[in-house]
Amino acid sequence: MEISQQRDVARPRARGTERSLARRAELITIGRKLFADTSYDALSMDDIARQAHVAKGLIYYYFQSKRGYYLAIINDSVADLVTFAASGLELPQLDRVQRTMDSYLRWAEHNQAAYRTIVSGGVGFDTEVHAIRDGVRAAIVATIADGAYGRTDISRIARMGLFGWVCSVEGATLEWISTSDLSRETMREILVKTLGGTLRAIEELDPAHPAPSPARRDG
């Protein structure tokens, strides 16, 4: 299922007013903070309503259930992350990768709780959330593949290489937002340069996927 489709599944039935949409968005913003700091099972609907300062029935009205609320929060966060990471399609290859990584890091930096939730399962084990996280990884791999090779239908070797790089980005980003001892610009350059190494390794193992010139040592 595409991320946009997952997001639609979690939406409530159309309410038809701007006020309702604004209220729903406000509840999602509150929920990001609540679920990032406390496990899914540890919070009851009464707890959520009390900390959000709303009637429990209002949450049911918009999300039908605690699980529906939880998935709406995760889906909303994911949609933002993918939009940021995939921006800059009109740019040259190197500029596009730098823009993608800068947007990714900026989003993680300013949405730390949501990022931890998506990447490390900070609100508890949930197969649907893991599927959403996998969707984010697939979207980033597709963005990098399109920028590096001009297509997304890449070989298994190339896809696995990029997937491994994305997973390393997640771990490094989690460490970075926890310590904040490097600037975003420095962190971006580290990730871009490690991507160059990954692309060169892919070329060595699968010559049908040559590294783009910015990633080549002689480029």
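Modeller: This is a predicted model. Let us begin with the pocket. Helix α10 gives the most to the lining of the largest pocket, with 7 residues.

Biologist: What is the volume of the largest pocket, and how many residues line it?

Modeller: First the general idea. Rolling a probe the size of a water molecule over the atoms shows where empty space is left. Here the largest pocket has a volume of about 260 Å³. Its lining has 18 residues. Nearest the centre lie Leu-94, Val-192, Gly-196, Pro-214 and Ala-215.

Biologist: Which helices each supply at least two residues of the lining?

Modeller: They are α6 (93-110), α8 (127-149) and α10 (184-205).

Biologist: Take Val-192. Is Val-192 buried or exposed?

Modeller: Val-192 sits in helix α10. Its relative accessibility is 10%, so Val-192 counts as buried, the limit being under 20%.

Biologist: What does Val-192 touch, leaving aside neighbours within four places in sequence?

Modeller: Val-192 is in contact with Leu-94, Val-97, Gln-98 and Met-101. Leu-94 is also one of the residues nearest the pocket centre. For distance along the chain, take Thr-100. Val-192 and Thr-100 are 92 residues apart along the chain, yet their C-alpha atoms are separated by 9.7 Å.

Biologist: How do I read a helix face?

Modeller: An α-helix has 3.6 residues a turn, so residues three or four places apart point the same way. Now look at Arg-188, also in helix α10. Beyond four places in sequence, Arg-188 touches Gln-98, Met-101, Asp-102 and Leu-105. Gln-98 and Met-101 are among the contacts of Val-192 as well.

Biologist: With which side chain does that of Arg-188 make a polar contact?

Modeller: With the side chain of Glu-189, at 3.1 Å. Another pair to check is Arg-188 and Val-169. They are 19 residues apart along the chain, and their C-alpha atoms are separated by 10.0 Å.

Biologist: Let us step back. How many helices and strands are there in the protein?

Modeller: There are 10 helices and 0 strands.

Biologist: How do I read the fold's contacts along the chain?

Modeller: Look at sequence separation. Among contacts in the protein with a separation of 6 or more, 66% join residues 24 or more positions apart. For a C-alpha pair, take Val-82 and Thr-143: 61 residues apart in sequence and 9.6 Å apart in space. Val-82 lies in helix α5. At 19% relative accessibility, Val-82 counts as buried, because the limit is under 20%.

Biologist: What share of the protein is buried?

Modeller: Of the 219 residues, 45% are buried.

Biologist: Which residues have the most contacts inside the largest nonpolar core?

Modeller: Leu-162 and Leu-199, in a core of 59 residues. Leaving aside neighbours within four places, Leu-199 is in contact with Ala-148, Tyr-149, Leu-162, Ala-211, Pro-212 and Ala-215. Ala-215 is also listed among the residues nearest the centre of the largest pocket.

Biologist: Which residue follows α3, and what is its phi?

Modeller: His-53 follows α3, with a positive phi near 60°.

Notes. Residues numbered from 1 in each chain as written. Predicted model: local features only at pLDDT ≥ 70, side-chain atom pairs only at ≥ 80, totals over all residues. Heavy atoms only, no water. Core = buried A, V, L, I, M, F, W, Y, C linked by side-chain atoms within 4.5 Å. Buried < 20%, exposed > 50% of the residue type's maximum accessible area, 1.4 Å probe, protein only. Contact = heavy atoms within 4.5 Å. Helix = DSSP H or I, 4+ residues; strand = E, 2+ residues; numbered from the N terminus. 1 Å grid on protein atoms, 1.4 Å probe; cavity = no way out; pocket = protein on both sides within 12 Å on 5 of 7 lines; lining within 4 Å. Points joined across faces, edges and corners; volume = space filled by probe spheres on them. Polar contact = N/O pair within 3.5 Å; in protein donor to acceptor, adjacent residues only side chain to side chain.
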